[in-house]
Protein chains: 2
Amino acid sequence: MSPILLNSIGKEHHDYIKQEYVKNPHLDSMEEDILYHFNLSTKTHNLPQMFGDVKFVCVGGSPNRMKSFAEFIHEQLKLPGNIADVRDICEGTDRYSMYKVGPVMSISHGMGVPSISIMLHELIKLLYHAQCSDLIIFRIGTSGGVGLPAGTVVITEKAVDSFFRPQFDQVVLGKMIVRSTELDEDVAKELLKYSTELPDVPTVIGDTMCTHDFYEGQGRLDGALCSFSTEEKFEYLKKAYDKGVRNIEMESTVFAAMCRVCNLKAAVVCVTLLNRFEGDQISTPHDVLLDYQQRPQCLVAHFIKKRLGLML
Amino acid sequence: MSPILLNSIGKEHHDYIKQEYVKNPHLDSMEEDILYHFNLSTKTHNLPQMFGDVKFVCVGGSPNRMKSFAEFIHEQLKLPGNIADVRDICEGTDRYSMYKVGPVMSISHGMGVPSISIMLHELIKLLYHAQCSDLIIFRIGTSGGVGLPAGTVVITEKAVDSFFRPQFDQVVLGKMIVRSTELDEDVAKELLKYSTELPDVPTVIGDTMCTHDFYEGQGRLDGALCSFSTEEKFEYLKKAYDKGVRNIEMESTVFAAMCRVCNLKAAVVCVTLLNRFEGDQISTPHDVLLDYQQRPQCLVAHFIKKRLGLML
């Protein structure tokens, strides 16, 4: 096989992947792509070599939690090498942390829609440059529960906004564009099925409300600003529950919307840290919170092992 | 003076401060206030003792940068003790980093409106619980320049949204509330005056546009998604320039709005890392970027020294 033919095959493969994930005709004309917030670039890093075998991407808010998850996956998949060698690929910047263990990436995204959106743009470009294929992406996070006991894992059916609409409003050049926030139904069902095989991971499927702040937007009475009554708070939460909302967090709509546009199979798996009908403050002891936070990790790790054929 | 009278004075002082900063009648009935994302609480920490003497609060996106700023202020104010002892007060969590050196706090807020808004709610409650008074708060950050050479410092006159309106739209219990984003005019003018006393800190006053994402919302052609042409991008940036916008970042509207409602004197001082009329990617060498990022720090440190009477 001549080098020309090889190049030709490579090109076709790349075009195919591009069509799958990125939706930007301008990328073709760029000599270099600097993924600024990852401190990576197509000129300084061999992205296909570094990431070409990735099949599962897991994202979550906290850098420490995503490091723990990488170590946990390393152990669960019985990968060769020392856990202590699992290092932050983005260590040259403090915007995000990124780990890769075998076919799994673990990346932090900070808090809120804008923060995860920057990360997703650069991640999706990275997966494109690395010529990845057949990916599944999970957001594993924490949330406030709506009518569920603390510690319940919620697999998101639909991500909805503060008005209970399954949509994400994206401003493009000063104009509003509406994107759908549907997630992959099959992955959600598969996750729910696997949850029954795990002890101590109470799991439900429901809608997840994504807000742009933690206090006023989620009806908390304990922010620096609060202009509503206890009754009005409960009325809003009750309305959310009646609409099918089972938990509230701050990233799911843009995550669902971007993954959908970019043809990435996506799921959102968040544990509830409290039941918002019972309070606003997170006063659960630290060790119990840590246990709760491991539940989405256990469920997604179980899913990955099943998919890799490591468990019957 | 009897203890009763002392208590009474303390109570009055606290009520006065409360009226100044927090706007939430529910806080009075709380036995404990857990500032969850700071890993601080009114029961486990003596907040008046820890923070009562704070007069200047500086916030910025990156944890590393805010650590450097704390060390820089320590040196600039010639404070006693070792710089190496300046430690992260929030080290029990990785959501935010917080430092205190003399009368100055330095806190990271991550990227985007939701991330800084959580931090501001908890910071404003902290300042209230600590019985602070006569505060000035600065956001020192990075931004994209609109028609300005890279490295220019922009003091924000008005923070505007993606539609060039000086307002912040806050959702409260599913209803939209509009807040003004005006900043303190006197502090901005004083900062501009002091900038002329510093070498290598080219500074202008202008409007700052705050967007909810870095790519499509800011008219970048290099995201994972881009549906507009180069011409449409330049048309939008030209319109922004004509409206008075000189830089674009992702936190100023909610920062201005919350500080205004809470009676905190506030200023936004951001350096431009590139001129958006010349490109989208941040390709400036690392050491030059570091130099740029120190400029808002130098200007705000100069302001603080002037206010403390440490310079004529």
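Contact is taken here to mean heavy atoms within 4.5 Å. In this predicted model, Val187(B), Glu190(B), Leu191(B), Tyr194(B) and Ser195(B) of helix H5(B) are in contact with Leu299(B), Val300(B), His302(B), Phe303(B), Lys306(B) and Arg307(B) of helix H8(B). By class, the residues of this contact comprise 6 nonpolar, 2 polar and 3 charged. The axes of H5(B), which spans residues 185-195, and H8(B) come within 10 Å and cross at roughly 105°. H5(B) is therefore roughly perpendicular to H8(B).

The contact between the two chains involves 72 residues from chain B and 71 residues from chain A. About 5800 Å² is buried between chain B and chain A, and carbon and sulfur atoms account for 60% of this area. On the side of chain B, Met111(B), Leu173(B) and Ala224(B) supply 14% of the area buried against chain A, more than any other three residues.

Polar interactions were also examined across the interface. Between chain B and chain A, 28 residue pairs are in polar contact, with both residues at pLDDT 80 or more. The interface has 2 salt bridges. Glu216(B) forms a salt bridge with Arg179(A), with the closest N and O atoms 2.7 Å apart.

Elements that give two or more residues to the side of chain B touching chain A include the strands S8 (167-172) and S9 (175-180), together with helices H3 (63-76), H4 (113-129), H6 (230-242), H7 (252-261) and H8 (286-307). H4(B) gives the most, with 9 residues. The residues on this side of chain B divide into 33 nonpolar, 24 polar and 15 charged.

Terms used:
Residues are numbered from 1 along each chain as its sequence is written. Chains are lettered from A and ligands numbered from 1 in the order in which they are written. This is a predicted model: local features need pLDDT of at least 70, side-chain atom pairs count only at pLDDT 80 or more; totals for chains, interfaces and linings use all residues. Side-chain values use heavy atoms; hydrogens and water are left out. Buried area is the accessible area (1.4 Å probe) that two parts lose on being put together, summed over both. A salt bridge is a side-chain nitrogen of Lys or Arg within 4 Å of a carboxyl oxygen of Asp or Glu. A polar contact is a pair of N or O atoms within 3.5 Å; within protein, one must be able to donate a hydrogen and the other to accept it, and residues adjacent in sequence count only if both atoms are side-chain atoms. Helices (H or I, at least four residues) and strands (E, at least two) are DSSP runs, numbered from the N terminus. Ala, Val, Leu, Ile, Met, Phe, Trp, Tyr, Cys and Pro count as nonpolar, Asp, Glu, Lys and Arg as charged, and the others, Gly among them, as polar. Axes are lines fitted to C-alpha atoms, for helices over the stretch in contact, and angles run from 0 to 180 degrees between N-to-C directions. Angles under 35 degrees count as roughly parallel, over 145 as roughly antiparallel, 65 to 115 as roughly perpendicular and the rest as oblique.
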